[in-house]
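Here are my notes for a first look at this model. Please read them with the structure open.

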Amino acid sequence: LGAAIVEALVRAGFGVDFTYRASGEAAAALIERLRRERPAAAIGAHPLDFGDRAALDSFAERIDGEGW
């Protein structure tokens, strides 16, 4: 479901950043495929386990101020 949403948003012209828990290879493959279709698309994937509070806090600090 997540990949389908990312695909739809990118194909509609939106920049998309998404998270994944354990499927880094699938996330990289999705980005590669979408960048072949839309080379200028802004797409990012970030590993994140929402069950890990420390990881969530670290992620929030990292993205704070990125200007989305």
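1. Arg11 and Glu7 sit four residues apart in helix 1 (residues 2–11), so about one helical turn separates them. Helices here are DSSP runs of H or I with at least four residues, strands are runs of E with at least two, and both are numbered from the N terminus. An α-helix has 3.6 residues a turn, so residues three or four places apart point the same way. The side chains of Arg11 and Glu7 meet in a salt bridge, 3.3 Å from N to O. A salt bridge means a side-chain nitrogen of Lys or Arg within 4 Å of a carboxyl oxygen of Asp or Glu.

2. Keep the source in mind: this is a predicted model, where local features need pLDDT of at least 70, side-chain atom pairs count only at pLDDT 80 or more, and totals for chains, interfaces and linings use all residues. Residues are numbered from 1 along each chain as its sequence is written, and side-chain values use heavy atoms, with hydrogens and water left out.

3. Is Glu7 buried or exposed? Glu7 is buried, at 17% relative accessible area. Arg11 is partly exposed, at 36%. The terms are set by relative accessible area: buried is under 20%, exposed is over 50%, and partly exposed lies in between (1.4 Å probe, protein chains only).

4. Glu37 is partly exposed, with a relative accessible area of 41%.

5. The pairs join up. Glu7, Arg11, Arg33 and Glu37 are linked in a network of salt bridges.

6. Helix 2 has a pair of its own. Glu32 and Arg36 meet through their side chains in a salt bridge, 3.2 Å from N to O. They are four residues apart in helix 2, so about one helical turn separates them. Arg36 is exposed, at 58% relative accessibility. How many salt bridges are there by this rule? The count comes to five.

7. Now the ends of helix 3 (residues 53–63). At its start, a side-chain oxygen of Asp52 reaches to within 3.1 Å of the backbone nitrogen of Ala54. Gly65 follows helix 3 and has a positive phi, near 85 degrees.8. Helix 1 also holds Ile5. Ile5 is partly exposed, at 46% relative accessibility.

Technical notes. Polar contact = N/O pair within 3.5 Å; in protein donor to acceptor, adjacent residues only side chain to side chain.
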